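Subject: Structure handover

Hello,

Here is the structure I promised to pass on.

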Amino acid sequence: MSQHSQAKRAARKKREKKAANAAASRRTGTPFVAHAQLVDDAGALVAAGGLYGDEWVMVVAGRALDGIDSPGLLIAMLKHTASRCESEGRSTTLRMSPVLEKAAAEEAAEGGHTLEEWLAMLEAERAEHAEKKRAAAAAAGPDPNLH
């Protein structure tokens, strides 16, 4: 049996488990429990994060993004959103629950890092991915479907 077969099977099982958990959450009416809020100086909610069932979820502009397995990634995404707002001249404040901070710190510790180191690594990974995406788009040239 090839390693690729095992990886595909493991990925399929993970997707099936995630779908089953999401369906069970919807059936039982599991509420979204907020654990982070990103608000601007006017008090408007920019983004939020929390638990929906057993998944971390980020909500932006009233829309929930796909579930996230990592509380550290949720914090990194919220901090990146705050950074983008700041670059546009919009001051923000990120408030997090102790539950989210503890979960992210435990996740970082599992990897042998502090929470700050873990978040820096996640941001570096995001920046690298974004740069690769920009380079690929530049290499492909302009989209012929755009006018």
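Let me start with one residue. Thr 81 has a relative accessibility of 17%, and it counts as buried because that value is under the 20% cut-off. Bear in mind that this is a predicted model.

Where does Thr 81 sit? Its place is in helix α2. Leaving aside residues up to four places away in sequence, Thr 81 touches Leu 38, Val 46 and Met 58. Take Val 46: it is 35 residues from Thr 81 in sequence, yet the two C-alpha atoms are 8.6 Å apart in space. The side chain of Thr 81 also has a polar atom 2.9 Å from the backbone oxygen of Met 77.

Now the overall layout. The protein chain holds 4 helices and 5 strands. Read from the N terminus, their order is α-β-β-β-β-α-β-α-α. Of the 147 residues in the chain, 25% are buried. Take the contacts between residues at least 6 apart in sequence: 45% of them join residues at least 24 apart.

Next, helix α2 as a whole. It covers residues 71-87. Those 17 residues reach 24 Å from the first C-alpha to the last, close to the 24 Å expected at 1.5 Å a residue. What caps the N-terminal end of α2? Ser 70 does, with a side-chain oxygen 3.3 Å from the backbone nitrogen of Gly 72. After the helix comes Gly 89, with a positive phi near 85°.

What do the buried residues of α2 pack against?

Buried in α4 are Leu 115, Trp 118, Leu 119, Leu 122 and Ala 130. These buried residues pack against α2 and α3 (98-110). Just after α4, Gly 141 has a positive phi of about 85°.

How do α2 and α4 meet? The crossing is right-handed. From α2, the residues in contact are Gly 72, Leu 73, Ile 75, Ala 76, Lys 79 and His 80. From α4, they are Trp 118, Leu 119, Leu 122, Glu 123 and Arg 126. By class, this contact has 6 nonpolar, 2 polar and 3 charged residues.

One last stop, in a loop. Ala 61 lies between β3 (55-60) and β4 (63-64). Is Ala 61 buried or exposed? Ala 61 is exposed, because its relative accessible area of 72% is over the 50% cut-off. Its phi is positive, near 55°, and Ala 61 is not a glycine.

Then follow α2 to its crossing with α4. Finish at the loop that holds Ala 61.

Best wishes

Note on methods
Residues are numbered from 1 along each chain as its sequence is written. This is a predicted model: local features need pLDDT of at least 70, side-chain atom pairs count only at pLDDT 80 or more; totals for chains, interfaces and linings use all residues. Side-chain values use heavy atoms; hydrogens and water are left out. Axes are lines fitted to C-alpha atoms, for helices over the stretch in contact, and angles run from 0 to 180 degrees between N-to-C directions. Helices (H or I, at least four residues) and strands (E, at least two) are DSSP runs, numbered from the N terminus. A crossing is left-handed if the near helix is turned anticlockwise from the far one by less than a right angle, and right-handed if clockwise. Contact means heavy atoms within 4.5 Å. Ala, Val, Leu, Ile, Met, Phe, Trp, Tyr, Cys and Pro count as nonpolar, Asp, Glu, Lys and Arg as charged, and the others, Gly among them, as polar. Buried means under 20% relative accessible area, exposed over 50%, partly exposed in between (1.4 Å probe, protein chains only). A polar contact is a pair of N or O atoms within 3.5 Å; within protein, one must be able to donate a hydrogen and the other to accept it, and residues adjacent in sequence count only if both atoms are side-chain atoms. The expected span of a helix is 1.5 Å times one less than its number of residues.
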